[in-house]
Amino acid sequence: MAVGPDCTELINKVFKRTHKTYVLDSTWGVSKNYEFQIYFLNFCREIIQKNKLNFDDWLKFRLKCIKEKKSRFILNNTDFLAIKK
C-alpha cells in the first residue's frame, strides 16, 4: 500500500522513536541510459495493465522518444536509512 507523497515524513516519524534515521536525496539522471528507460517503461506497462488502465498513447509516446534518443528522464527518489539505537 502506498502512503503517498508524505511517506518519507511518516516513516521517519515512526522509526525515529527507536532508530537513528537518515533521509537522503537519491535523484537519478538517466536521460542517456536508454536501456534503463525501456526497462522502467516496461515496469510501468505491467503496473498499468494489472490495474486495468489504458495509457497506450502515453506508453507509445514515451517509447518513441526513447527510440529517437529524445527522452529526458529524471527519476526523483528519496532513500531512507534507519539504524537501531
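**Aromatic pairs and a nonpolar core**

Reader: I'm new to this one, so where is the place of F15?

Author: F15 has its place in helix α1, and please keep in mind as we go that this is a predicted model.

Reader: Which residues does F15 touch, leaving aside those up to four places away in sequence?

Author: Setting aside residues up to four places away in sequence, F15 touches T21, F80 and A82. As for A82, its C-alpha atom and that of F15 are separated by 6.9 Å, although the two residues are 67 apart along the chain.

Reader: And how many aromatic pairs does the count come to?

Author: The count comes to seven aromatic pairs. In one of them, F15 with F80, the ring centres are 5.7 Å apart and the planes stand at 65°, so the pair is edge-to-face, given that an angle over 60 degrees counts that way.

Reader: Which parts does that pair tie together?

Author: F15 lies in helix α1, residues 7-15, while F80 lies in strand β4, residues 78-84, so the pair ties together parts that are 65 residues apart in sequence.

Reader: What does F15 count as in terms of accessibility, and what about F80?

Author: F15 counts as partly exposed, because its relative accessibility is 34%, and F80 also counts as partly exposed, because its value is 30%.

Reader: What about the rings of F36 and Y39, how are their planes set?

Author: The planes of F36 and Y39 are at 35° and the ring centres are 6.3 Å apart, so this pair is tilted. Because they are three residues apart in helix α2, F36 and Y39 are separated by about one helical turn.

Reader: Is Y39 buried or exposed?

Author: Y39 is exposed, because its relative accessible area is 58%, where the cut-off for that word is over 50%.

Reader: Which residues form one aromatic cluster with Y39?

Author: The cluster that includes Y39 is formed together with W28, F36, F40, F43 and F73.

Reader: Changing topic, which residues make up the largest nonpolar core?

Author: The largest nonpolar core is made of five residues, namely Y34, L41, I48, L59 and I66. Helices α2 (34-50) and α3 (56-67) each supply at least two residues of this core, and α2 gives the largest share, with three residues.

Reader: And what does L59 touch?

Author: Not counting residues up to four places away in sequence, L59 touches L41, R45 and I48.

Reader: One last thing, where does the charged end of K20 sit?

Author: The charged end of K20 sits over the ring of Y22, at 5.5 Å from the centre of that ring.

Note on methods
Residues are numbered from 1 along each chain as its sequence is written. This is a predicted model: local features need pLDDT of at least 70, side-chain atom pairs count only at pLDDT 80 or more; totals for chains, interfaces and linings use all residues. Side-chain values use heavy atoms; hydrogens and water are left out. A nonpolar core is a set of buried Ala, Val, Leu, Ile, Met, Phe, Trp, Tyr and Cys residues joined through side-chain atoms within 4.5 Å. Buried means under 20% relative accessible area, exposed over 50%, partly exposed in between (1.4 Å probe, protein chains only). Helices (H or I, at least four residues) and strands (E, at least two) are DSSP runs, numbered from the N terminus. Contact means heavy atoms within 4.5 Å. Rings of Phe, Tyr and Trp (its six-membered ring) pair if their centres lie within 6.5 Å; planes under 30 degrees apart count as stacked, over 60 as edge-to-face and the rest as tilted. A charge sits over a ring if NZ of Lys or CZ of Arg is within 6 Å of the ring centre and within 35 degrees of the ring normal.
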